[in-house]
Every structure is written in C-alpha cells, then in structure tokens.
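Hi,

Here is the structure I said I would pass on. Have a look at it first, then read my notes below.

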Amino acid sequence: MYKVRADFPILEQQVYGKPLVYLDNAATTQKPRAVIDAMAEEYYTVNANVHRGVHYLSQRATDLHEGSREAVRQFIHAVSTREIIFTRGTTESINLVAACFGEQFMHEGDEVIVSVMEHHSNIVPWQLLASRKGIKLRVIPMTDKGELELEAYEQLFNEHTRIVSVAHVSNVLGTVNPVQRIIQIAHAHGVPVLIDAAQSVPHLAVDVQQLDADFLAFSGHKIYGPTGIGVLYGKEEWLEKLPPYQGGGEMIGHVSFEHTTFNELPFKFEAGTPDFVGTTGLAAALHYVEQIGIDEIAAYETSLTDYALQQLRTIPDMRIIGEAPERGAVISFLVGDIHPFDMGTLLDRLGIAVRTGHHCAQPLMQRLGIEGTLRASFSFYNTMEEVDALVAAVRRVSQMF
Ligand code: PLP
C-alpha cells in the first residue's frame, strides 16, 4: 500500500518543520495526481457545456460526463444510469430526498426515522421539512458502545412512518451500522430507506442492489474526488414518483408560459449546467480506487485502525469514544479532561492533522454527555509509522497537561 503515497503530492510536505501526518480523511480526502490531471486535461482540451451542443467539444464533454455517470453506476452496482443523480454532495442529496419525497409522500403527523448518531446533514433537512409540513422525527437510540438498538428501532414503526434515513458508518464513532438489516426491517413495514453513505463508500464495498437501498447518498471529495460533486442513487421506481427538486435548464422537456413538462431520469433532478469537470474527477477517483481494490483498501484500513486503537489504549486516561466491534477507519477519543481543541492545536504543531469538536453531530455529543472529541480518521495512504507518530504526539501532549 505504501507505494500509493507517491500519487498524492500534498502528503510530501512539512508543516511547522515536521512531516505532515494527515489524519482528517473523514472530513475530506487528498486527491491523487490521476484526479487532478483528468480535470486539468478536460479544462485544457475539452471544456464545453454538455448535452445541448451539436459541436465537437460539447459532444466530447457530454460523452465524458455521461461516461462518469456509468462509472458511478458500476461502482455502487446500480441497475441503470437513470438512477444516478449528480448533486453537490451528500448534504444536497439528502436535502433533495427530504424536499421531494416530503413534498410527494409526507403530510402533517407523518414520521421519519433517523438515528441518534446522524450527521447534521441527515437531521436538519428533515427538521426543515418538519417546520414546513408538521412531520415528526423519531430517533433510533444506541448502546453506550455506540451500536444502534435494533429492537427499539422496530418499535418506532407505526402507521405514520414514511421513510427511514440512517448513516451507514458514523463519522464520529466509526460504527458500521447493520444497514442491510435496517433496510429489511423497514421494508417489512413497507417503508423505504435512505442510506447516508458518506463514510462508507470510500472505505468498503457498497452494492445498492444487494443492500436493497431505496436511496443512497455520498460525496466525491471524501472518496479522493473533487469538492462540489456528489451522488444521489435512487431506485428508478421511486425517482419516477418524485417531483423535480429545482427548476431551470436541463430538467425540462418543453417549456411554455402555460405549461412545462419535465425531462426524463436522471435529468429531471439536475437543473442547470452540471459540474461536468467535477464528474470527470469523480470518475477518475473511482477508477483509482478500483485499481487498488476496495476490498484491499478495507482490509488495510482495518489493520491500521486496529493497530491505532491498540496503541492509543496504552496512553493513560485514554477514552475511546465508540467501541462497536464493527467499525470503520475513524477513531474518536479524549484524554483525561484535556479539552479536544487544546490537544488538537498542540498536535497540529507536531505536524499531526486531526479534527476536533462535535463533528457536525451535536445530538450525538448530547447523548454521550460530552462537548466534542478528537478524531483521527484514516485512508489507505496512511502508514503504521504515521499511527506511531500520532500515538507518540498524543502521549507527549497529554504529559504536558
Ligand atoms: N454524512 C456524514 C456521515 C458525513 O460524515 C458527512 C461529512 O462529514 C456528511 C454527511 C456531509 O457531507 P458533505 O459535507 O460532503 O455534503
């Protein structure tokens, strides 16, 4: 795995005279040369607006853009490219479902089930819908280890339940939620499920057909692609039933002042000029990940995370936040009563980039009775030596307090 580091020029640098140890991959990943080059190449040689042009460059840009959609379809094993909608990221994908599904299928008193460990982007869109339509949020609780309580989840269903929306992998606890089971239970009640796959698609194989997910969202920038591009997968049968999200060019069939018809899937949900260079970058990123192999990535990151957990636990007063056995490449922790912000700032001076704070999961922090954590999150380009550097730095900083 170590040889892949050469593909990420940014990792070679020093910060404050120390080698950069980048452990903030859950927030955003670095980009390999292949992604940056593919995007630069498109701007240098192809750039033209997609879909509407008859000229050469426009057709090439369109082919690249639609080829990227096919790359996404293959990566998550969707049936058809009609089910792949390009968005700005996970946040926009969830907002799209909340707005369109909510508009079509939810009425006052209806309920959405989310979990206690959701990112704000899978809470607030539903709250906005709640204030518009009078719907209610029901929350799946978790154990102290950070596992969702499936029996309590089942109890939440009633005749008002319209949709379930849960994270595949928690960006704080690292818990890999049993989404296949969660989906089976929801389907047994006739309820569709949206999976927030922001933290899973980059780290483990995700097959939307095998999961039987109705909707699934992820962000390009967390899987080595560019910022500003993301995906909403939706089963065709659901997407057909939803109204458009935004109005504008591209999403229409025919427009007159009297009546407008809408384009077919997936364009119905893609108003305006799409980020066609972003989609090229995303496809290059997925291709890069496929070349390494998602199963190899998962295995390597698991060994890195296990080693980090084992080493961090040797530090006095270490508290790992999230002890679920099924976990991804994310470790949240606290040491004694040292404020995460203070520890994070000092780690930064030692070249170690970790995230501190509530990680956009304040309701989870409330459940845990803490204000925030330090969070180290790993990628396949991280090394065991970097884990050692993290552990040594945390030990050193904790001795200073
Ligand atoms: N969901 C989860 C679990 C996340 O970790 C994140 C980002 O950290 C998001 C959603 C939001 O992703 P984005 O900001 O790329 O839209």
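**Helix α2 and its neighbours**

Let me start with the buried residues of α2: Ser-58, Ala-61, Thr-62, His-65, Ser-68, Arg-69, Val-72, Arg-73, Phe-75 and Ile-76. Before going further, please keep in mind that this is a predicted model. The helix itself covers residues 56–76, 21 residues in total, and runs 31 Å from first C-alpha to last, close to the expected 30 Å at 1.5 Å a residue. What do the buried residues of α2 pack against? There are helices among the partners, namely α1 (33–45), α7 (208–211) and α9 (276–292), and also the strands β4 (84–87), β9 (215–219) and β10 (230–234).

**The chain as a whole**

Stepping back, the protein chain holds 13 helices and 17 strands. Its C-alpha trace spans about 70 × 55 × 35 Å along the principal axes. A compact globule of 401 residues would have a radius of gyration near 21 Å, and the chain has 22 Å, which agrees. Of those 401 residues, 55% count as buried. The accessible surface comes to about 16,900 Å², with 52% of that belonging to carbon and sulfur atoms. If you take the contacts between residues at least 6 apart in sequence, 71% of them join residues at least 24 apart.

The chain divides into two domains: domain 1 takes 2–30 + 294–400, and domain 2 takes 35–290. Their C-alpha centres are 28 Å apart. On the contact between them, domain 1 contributes 39 residues and domain 2 contributes 31 residues.

**Helix α13**

Now for α13, residues 384–400. This helix has 17 residues and reaches 25 Å between its first and last C-alpha, close to the 24 Å expected at 1.5 Å a residue. Which of its residues are buried? They are Glu-386, Val-387, Leu-390, Val-391, Ala-393, Val-394, Val-397 and Ser-398. Looking down the axis of α13, the buried residues fall within an arc of 165°, so they line one face of the helix. As a reminder, an α-helix has 3.6 residues a turn, so residues three or four places apart point the same way. Gln-399 and Met-400, on the other side of α13, are exposed.

Two residues of α13 are worth a click. Ser-398 lies in this helix and has a relative accessible area of 16%; the cut-off for buried is under 20%, so Ser-398 counts as buried. Setting aside neighbours within four places in sequence, Ser-398 is in contact with Ile-315, Val-335, Ile-338 and Met-343. Glu-385 is also found in α13, but with a relative accessible area of 48% this residue is partly exposed. From the C-alpha of Glu-385 to that of Phe-215, 170 residues away along the chain, the separation is 39 Å.

His-359 is not a glycine, yet its phi is positive at about 55°. Cys-360, again not a glycine, has a positive phi of about 55° as well.

Which residues are joined by a cis peptide bond? Leu-265 and Pro-266 are, with omega about 0°. Pro-266 sits in the loop between β12 (260–262) and α9.

Asp-212 is partly exposed, with 32% relative accessibility. Not counting residues up to four places away in sequence, Asp-212 touches Ile-183, His-187 and Lys-235. Asp-212 and Thr-29 are 183 residues apart in sequence, and their C-alpha atoms are 28 Å apart in space.

Happy to go through any of this with you.

Cheers

Methods: Residues numbered from 1 in each chain as written. Predicted model: local features only at pLDDT ≥ 70, side-chain atom pairs only at ≥ 80, totals over all residues. Heavy atoms only, no water. Helix = DSSP H or I, 4+ residues; strand = E, 2+ residues; numbered from the N terminus. Expected span 1.5 Å × (residues − 1). Buried < 20%, exposed > 50% of the residue type's maximum accessible area, 1.4 Å probe, protein only. Arc of directions from axis to C-beta. Rg over C-alpha atoms; globule rule 2.2 N^0.38 Å. Contact = heavy atoms within 4.5 Å. Areas by Shrake-Rupley, 256 points an atom, 1.4 Å probe, with all protein chains shown as cover. Domains from an automatic or database assignment.
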